[in-house]
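Q: I'm new to this one. Can we go through the side-chain contacts step by step?

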Amino acid sequence: MPQLSETDWDSRVAAWRESRLAPDLARVPPRRESFKTLSGTAVEDIYTPASIDALAPGRDISLPGEYPFTRGVHASMYRGRPWTIRQVAGFGQAEDTNRRYKYLLKTGQTGLSTDFDLPTLLGYDSDHEVYRREVGKIGVAVDTVVDMHALFDEIPLDRISTSMTINPTAAILLAMYRVVGDERGFPGSVLTGTTQNDILKEYTAQNEFIFPPLPAVELVVDTMEYGADVMPRFNPLNACGYHIREAGATAVEEVALTLSAALCYLEHARARGIDLDRLAPRVSFFWDVHNNFFEEAAKLRAARRLWARLTRERLNCTNPKSWLMRAHCQTAGVSLTAQQPYNNVARTALQAMAAVLGGTQSLHTNSLDEALSIPSESAIKIAVRTQQIILHETGAADVVDPLGGSYYVEALTTQIEEDAMALIDRIDQMGGMIAAVESGYATQLIADSAWEQQVNVESNDSIVVGVNDFVDATETHEIEIDRPIPGVMERQMDRLVDVKRSRDKKRHADALRAIERAAPRLETNLMPLIEEAVRARASVGEISDVLRGVWGQQQPSAIF
């Protein structure tokens, strides 16, 4: 059969629509007037080779493990090493979360992930007059390195990687992790894992920040340089689209805002004279995987290709490892419903499959009860088993990039890349990501998209099964709710008192004064000084208070 040109395909599709499609639609009208992805991208009724005619396969798609890495960062992908199963844990005191760690590892999890409580996230100690009410409630309480020792008790840090969802105080927790390893005989050279540490998305999406954007960005650069020096296998920065998407952004906005933030950190590092090929290979990414299956798989492919091009062509990185977008994914928490909660198992499984087909390096699958409480052990086991079923039973991991070459997926990949690049250009024109944060542009962008999505649900343009359709008022489910552990606040405060009483007071005071003297010079790397303060048993709140005193405190945005 002769090869059809683009014109031939256009003519053939036009004839098909008239002779084949129109009679079918006359009998069975379309379900909707128009079809769009969750993010609003129009979806055609058919995709053909003409849909991807502008793509040059060698240039734009290539092969797995080859630039621009559209098909994956590794040649073998899951035929070699499977993705890391990394379920998040964090509640109560360190000992409580440590027990959950051990349970998860026993069920087959292969990496750890940690959520911290609100005082730790915001740089306050557990005895703070206001924030003590939140101790251990939405994550684990960590005041000093003594808590970190308890958190990782009996965990083989040379064999298990640890992800820490921490942003404004990431520098302190990173130093604690290094000190725990060192004091337990694990040198920094063997430690693996990630601190999220993407402070820019906090101002626009998560709202957990302390300092103004400029010193906060410079502190991120400090951690990146520190990591390259003393923890070369650790990722000090995990540029995070997850919370941007959870706040209401579209897939395109998630990609553009996240890559713009990553560019900002690296460009500030370059302005300080740091070789970007030292830092860029240890930048990782964290993506949300939402309900539209093909859009999410295509989003990962598009982000990977766009990051490769930006690091090579814009940042002039020459190390091929600098071009790699290594990704952790988490299924969409915002998609989970308290109504008919067992539906969440199906949602999570499909989202997890999209992440795998998109080429993720590690994956968290949400638990069915997360719209109601901190996940129970039984719900977490189902979430882990979901990943294991995908890996061992579906065949999805047996072929590298099985969606590669799909007319629809390749066209959608290109559309997301082009739209994201256009938004990155717009952010550049206003002065970069810090300017987009300070002007309120990024926050307003996300808020507008969130509003539009909510309107679509309330008008039934978007169907959420069990919420605005297929509702069963008589259906009931007995869900095991994980209850807060009593006495956490009191025990945590007692431990903090003991640490403060027993530490070397002169060493502690000297360490804090050294940070205070150095902090006004933003080009000075504070990490060695923060590490010394951690070793002197200074607390998260004490170190944060010193920096608050020098840099001030950022006020929340007025945009809703």
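Q: How many aromatic pairs does a search of the whole structure find?
A: It finds 15 aromatic pairs. Rings of Phe, Tyr and Trp (its six-membered ring) pair if their centres lie within 6.5 Å; planes under 30 degrees apart count as stacked, over 60 as edge-to-face and the rest as tilted. This is a predicted model: local features need pLDDT of at least 70, side-chain atom pairs count only at pLDDT 80 or more, and totals for chains, interfaces and linings use all residues. Residues are numbered from 1 along each chain as its sequence is written, and side-chain values use heavy atoms, with hydrogens and water left out.

Q: Why is the pair of Tyr47 and Tyr408 tilted?
A: The ring centres of Tyr47 and Tyr408 are 4.8 Å apart and the planes stand at 40°, so the pair is tilted.

Q: Where do Tyr47 and Tyr408 lie?
A: Tyr47 is in the loop between α1 (6-27) and α2 (57-61), and Tyr408 is in helix α15 (residues 407-429). The pair therefore ties together parts that are 361 residues apart in sequence. Helices (H or I, at least four residues) and strands (E, at least two) are DSSP runs, numbered from the N terminus.

Q: Are Tyr47 and Tyr408 buried or exposed?
A: Both Tyr47 and Tyr408 are buried. Buried means under 20% relative accessible area, exposed over 50%, partly exposed in between (1.4 Å probe, protein chains only).

Q: Which residues form one aromatic cluster with Tyr47?
A: Phe293, Phe294 and Tyr408 form one cluster with Tyr47.

Q: And what about Tyr177 and Phe234?
A: Tyr177 and Phe234 make a tilted pair, 5.6 Å centre to centre with 45° between the planes. Tyr177 sits in helix α6 (residues 170-183) and Phe234 in strand β6 (residues 234-235), so this pair ties together parts 57 residues apart in sequence. Tyr177 and Phe234 are buried.

Q: New topic. Which ring does the charged end of Arg548 sit over?
A: The ring of Tyr124, at 4.2 Å from its centre. A charge sits over a ring if NZ of Lys or CZ of Arg is within 6 Å of the ring centre and within 35 degrees of the ring normal. Arg312 lies over the face of Trp323, 5.3 Å from the ring centre.
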